[in-house]
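Here is my note on the model you asked me to look over. Please read it with the structure open beside you.

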Amino acid sequence: MTVVPDVALRVEGLTCRYGDHVVVDDVSFVVHAGELLSLVGPSGCGKSTLLRAVAGLDRASAGRVWLGERDVTALEAEQRRIGLVFQDHALFGHMRVDANVAFGLRHLPRSERVARVDEVLQLVRLTHTARRYPHELSGGEQQRIALARALAPRPAVVLLDEPFASLDEQLRDDVGAEVAALLAQQGTAAVLVTHDRAEALTLGRRVAVMNAGRLVQIGPPDEVYGHPADAFVEGFLATTRWRA
C-alpha cells in the first residue's frame, strides 16, 4: 500500500456477504484528515452494512480497512480508533452527561479524564449540561453529547449512521452544519451515512453514491449533482432540492 500522509481512512475492496447474498460488493474509497464524506443511496443499498464493517461491528467477507498506516482489518471494534454516532444517540440513560462523555476514557487518570470531558463539552458548547441526565436534554443536545463522547478519545475517524434522522427538519439542518464544522475544526475524518440526498450534498466535502452494494460514483457534491456517472445517479438525485 502506498501511504498518503493525510489519508485517515482507506477502504480497499470491502465485501460483505450473508450466505449467497452480497450486501457490499468490492467497495474502495479513502477519507482525508478533516474531511467529511457523505455516503448516500436508497434503502437496502448496503451503506449501513459498509459502515458497520469499517467500524469492526460486522466482519467483512473480503477486503481491508486501514487507519492511516495501520491495517485494522483483523481488529475488534474496540481496538480500532474509530468513534461512532448513531441515530438513537445511544447515550446511557442512567448516567449523567459527564459520565457518558467519559465512558471511553476509563484508561486515563481521573484528572486527565475530567479535563478532557470539560474540553469536549466546551467544544460542543454544552458545559452547562454536565450534571444533567440524557432525558433532560433536547434531541439536538443529545446528538451533540453523542458527538462529544465519540470525540473524547481522540479517534482517527468518526462514523455517523443517520445521526440526524430523528430530528425535525430545521433542527436537523442546524445540528448537521454544526457537527460538520466541529469535525473539520478538530481535523477529524468522518463518514456520514444518510438517506437524505440534500443533507449528503450539503454536508459532505465529497459524496459517495451507493446502489445495490456497489459504489457507483464519488466526488465533490457539485460534480456528482451536475455530472452524474450513470442513469441511476441522475435519477436518484433528480428531485433533490440543492444549490451548490
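1. Basis. This is a predicted model, in which local features need pLDDT of at least 70 and side-chain atom pairs count only at pLDDT 80 or more, whereas totals for chains, interfaces and linings use all residues. Residues are numbered from 1 along each chain as its sequence is written, and side-chain values use heavy atoms, with hydrogens and water left out. Helices (H or I, at least four residues) and strands (E, at least two) are DSSP runs, numbered from the N terminus.

2. The antiparallel sheet. Four strands make up an open sheet in the order β2-β1-β4-β5, with antiparallel pairing; two strands pair if DSSP finds at least two bridges between them. The edges are taken by β2 (21-32) and β5 (70-71), each of which has a single partner strand, so one side of each is left without a neighbour in the sheet. Within this sheet, β1 (residues 7-18) and β4 (residues 62-67) run antiparallel and are joined by five bridges, and Val 11 stands opposite Val 65 in β4.

3. Helix α5. This helix (residues 169-186) has 18 residues and reaches 26 Å from its first C-alpha to its last, close to the 26 Å expected, the expected span being 1.5 Å times one less than the number of residues. Its buried residues are Arg 172, Val 175, Gly 176, Glu 178, Val 179, Ala 180, Leu 182 and Leu 183, a list that a reader may wish to follow on the model. The buried residues of α5 pack against β3 (36-40), α3 (110-123), α4 (139-151), β7 (157-161), β8 (189-194) and α6 (197-203). Just after the helix, Gly 187 takes a positive phi of about 70°.

4. The nonpolar cores. In soluble globular proteins, nonpolar side chains tend to be buried together. A nonpolar core is taken here as a set of buried Ala, Val, Leu, Ile, Met, Phe, Trp, Tyr and Cys residues joined through side-chain atoms within 4.5 Å. The largest such core has 34 residues, and Val 101, Ile 145, Leu 160 and Leu 183 have the most contacts inside it. The elements giving two or more residues to this core are α2, α3, α4, β7, α5 and β8, and α4 gives the most, with six residues. A second, separate core of 29 residues includes Leu 9, Cys 45, Val 65 and Met 210.

5. Two residues and their contacts. With neighbours within four places in sequence left aside, Leu 160 is in contact (heavy atoms within 4.5 Å) with residues including Leu 51, Val 85, Val 179, Leu 183 and Val 191. Ala 102, in the loop between α2 (97-101) and α3, counts as buried at 12% relative accessibility and, under that exclusion of sequence neighbours, is in contact with Arg 113 and Val 117.

6. Aromatic pairs. Rings of Phe, Tyr and Trp (its six-membered ring) pair if their centres lie within 6.5 Å, with planes under 30 degrees apart counted as stacked, over 60 as edge-to-face and the rest as tilted; the count by this rule is two pairs. The rings of Phe 92 and Phe 103 have centres 4.8 Å apart and planes at 50°, so this pair is tilted. Phe 92 lies in the loop between β6 (82-86) and α2 and Phe 103 in the loop between α2 and α3, so the pair ties together parts that are 11 residues apart in sequence. The pair of Phe 232 and Phe 236 is stacked, at 5.6 Å centre to centre and 15° between the planes. Phe 232 is partly exposed at 24% relative accessibility, whereas Phe 236 is buried, with a relative accessible area of 11%.

7. Charges over rings. A charge sits over a ring if NZ of Lys or CZ of Arg is within 6 Å of the ring centre and within 35 degrees of the ring normal. The charged end of Arg 106 sits over the ring of Phe 103, 4.1 Å from its centre, and that of Arg 197 sits over the ring of Phe 236, 4.8 Å from its centre.

Methods: Buried < 20%, exposed > 50% of the residue type's maximum accessible area, 1.4 Å probe, protein only.
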